[in-house]
Amino acid sequence: MCCYSTVEPSRHRSRRDGGKEWRRRPLEKATIRGQVHDPILTLSHLLEIYHLDDRQRTIRQPTRYTGIALHTGGRAHLTISPAAADTGIVIRRIDLPGAPAVKAHVDHVVDVVRATTIRCGDAQVHTVEHVLAALYALGIDNAVLDMDGPEPPIADGSSAPYCKLIAAAGVEVQGSMRQVFRVTEPLYVEQGDSKLILIPSDCYRISCTVKYGATLMDTQYLNLEVTADSFVNQLCEARTFCLYEEIEYLMKRGLIRGGSLDNAVVMKDGAIISKDGLRYSDEFVRHKMLDIVGDLSLIGGRFIGHVIAVKPGHPLNVAMAQHICRSLRPELALV
């Protein structure tokens, strides 16, 4: 039996950011097996388990989300179910004969145009980065994702609804230890004016700079240690965005058919177009960091190192994930 989480427009609360007051959506209540759970209490418990040790984890019970797919524009249903230790994150296309599956690993990436696409045989899935970021950040190593189409729901353009699903479903600690990729020497990838550098660190940290030249606010920088707590409170609500001038080009390529101000922010002629304002004063750089978390999770293990990113995107993120898998040997985490 699946568990369902309601996703409805939420009330806002304010917070202080950079000396100004911005509006930020809280995680909402979610329904599991007919019971209503306070997500703050559920999430606090999840974070406590997350920091317990370095054993692998899966979700405690299935959970489901329904919404519009960003690029294909169709109605999409996603069910996340528990999986055995050492399974990894596996996505099944239950709409196809035999329910073919693809493991979320960088070896299976086939496209990085405006989203990350993975494929194995007939199982092809677009725009996996937001749900993968939530699973990684909240400590889920093993899960089976059943999808009835080629793309998961875009939700509100962020990872927040998926964080809510995981928090509501709960976390199960498993017996096997995690595989950890630890950066021991600098790694570097570059594409045009975009750069990604990894240096040794005692934690997973991202320092990111973005600049688009479309508004006075789009040159942004943030340095943040990536933990379950920091992801939930500082990254997960940052939404996808684009330049207004890119919309026609993307539509001609058959992309963003499900895009709207319900799930994206648009920059045009020095203005920021958003249905309910910005959630963070530096929402653009935070979303790019969210994407980095999702794309680098494709290495198939946990990660310890400092990511220094300048104008990153999916092509660069995936190139770095490939570089990590070629250059680093995973080690077994210790209790």
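A residue counts as partly exposed when its relative accessible area lies between the buried limit, under 20%, and the exposed limit, over 50%. The close-up views below are taken from a predicted model.

**View 1. Lys311 in the loop between β23 and α7 of the predicted model.** Lys311 has a relative accessible area of 28% and is therefore classed as partly exposed. The phi angle of Lys311 is near 50°, a positive value in a residue other than glycine.

**View 2. Ala99 in the loop between β8 and β9.** The strands on either side of this loop are β8 (89–93) and β9 (101–103). Phi of Ala99 is positive, near 45°, although the residue is not glycine. With a relative accessible area of 26%, Ala99 is partly exposed.

**View 3. The largest nonpolar core and the surroundings of Ile324.** This core comprises 69 residues, and Tyr204 and Ile324 are those with the most contacts inside it. Helix α2 (residues 129–137) supplies the largest share of the core, seven residues. When neighbours within four places in sequence are left aside, Ile324 is in contact with Phe181, Leu187 and Leu198, and also with Leu296, Ile299 and Phe303.

**View 4. Another nonpolar core, apart from the largest one.**

How values were computed: Residues numbered from 1 in each chain as written. Predicted model: local features only at pLDDT ≥ 70, side-chain atom pairs only at ≥ 80, totals over all residues. Heavy atoms only, no water. Helix = DSSP H or I, 4+ residues; strand = E, 2+ residues; numbered from the N terminus. Buried < 20%, exposed > 50% of the residue type's maximum accessible area, 1.4 Å probe, protein only. Core = buried A, V, L, I, M, F, W, Y, C linked by side-chain atoms within 4.5 Å. Contact = heavy atoms within 4.5 Å.
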